[in-house]
Amino acid sequence: MGVRCTRLLAALLLLGLCALGGAQKPDPCQCSRVSTKNRLNCGFPGISSDQCFSASCCFDSSIPGVPWCFKPLPKQESEECVMEASARENCGYPGISPEECGSRKCCFSDAIPQVPWCFFPLSVQDCHY
């Protein structure tokens with residue numbers, strides 16, 4: 001089998017794995033709230049938006065000099081809670097429980113140390129593709 005056939009087979013295998021893995025377009029907030037300086041490349045030069053979305057990545061070609069296909073922010077229970085850690089505004093106190101945080105109508109995520117775990121939600125009106 002030649003190099004060309006091997007590459008074609010690898011590309012088809014990758015596309016098939018993406019389809020089986022349930023690859024889907026990220027929610028708008030997962031993409032629009034990623035600052036340009038924090039974009040982590042998720043594609044290759046010349047990637048199309050469809051190819052990028054099929055890899056469950058974000059696509060925005062409006063800003064030159066930064067990755068156009070990039071990793072989305074982690075999915076949260078609510079789109080209002082999707083934001084970079086640096087954008088979190090404290091809504092609680094050290095040791096607050098997820099239940100107490102929720103009773104304040106705030107978001108809770110303890111996945112990142114040394115940032116507020118209970119934080120105010122953001123409006124989803126500014127999220128768009």
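In this predicted model, Glu 84 is found in the loop that runs between β2 (69–70) and α4 (98–103). Although Glu 84 is buried, no salt bridge is formed by this residue. A polar atom of the Glu 84 side chain does, however, lie 2.9 Å from the backbone nitrogen of Ser 35. When residues up to four places away in sequence are not counted, Glu 84 touches Arg 33, Val 34, Ser 35, Asn 38 and Leu 73.

The loop between β2 and α4 also contains Cys 81, which is bonded to a cysteine of strand β3. The disulfides are treated next.

The whole structure contains six disulfides, among them the following.

| Disulfide | S to S distance | Angle about the S-S bond | Handedness |
|---|---|---|---|
| Cys 31 – Cys 58 | 2.1 Å | -80° | left-handed |
| Cys 81 – Cys 107 | 2.0 Å | -80° | left-handed |
| Cys 101 – Cys 118 | 2.2 Å | 95° | right-handed |

The disulfide of Cys 31 and Cys 58 ties together parts of the chain that are 27 residues apart in sequence, because Cys 31 belongs to helix α2 (residues 28–32) and Cys 58 to strand β1 (residues 58–59). Both of these cysteines, Cys 31 and Cys 58, are buried.

The disulfide between Cys 81 and Cys 107 links distant parts of the chain, namely the loop between β2 and α4 and strand β3, with 26 residues separating the two cysteines. Cys 81 has a relative accessible area of 14% and is therefore buried. Cys 107 likewise counts as buried, because its relative accessibility is 2%.

In the disulfide formed by Cys 101 and Cys 118, distant parts of the chain are again linked: Cys 101 lies in helix α4 and Cys 118 in strand β4, 17 residues apart. Cys 101 and Cys 118 are each buried.

Ser 109 occupies the loop between β3 (107–108) and β4 (118–119). The relative accessible area of Ser 109 is 11%, so this residue is buried. Neighbours within four places in sequence being left aside, Ser 109 is in contact with Gln 76, Arg 88, Pro 116, Trp 117 and Phe 119.

Methods. Residues numbered from 1 in each chain as written. Predicted model: local features only at pLDDT ≥ 70, side-chain atom pairs only at ≥ 80, totals over all residues. Heavy atoms only, no water. Helix = DSSP H or I, 4+ residues; strand = E, 2+ residues; numbered from the N terminus. Buried < 20%, exposed > 50% of the residue type's maximum accessible area, 1.4 Å probe, protein only. Contact = heavy atoms within 4.5 Å. Lys, Arg positive; Asp, Glu negative; His and termini not counted. Salt bridge = Lys/Arg side-chain N within 4 Å of Asp/Glu carboxyl O. Polar contact = N/O pair within 3.5 Å; in protein donor to acceptor, adjacent residues only side chain to side chain. Disulfide = S-S within 2.5 Å.
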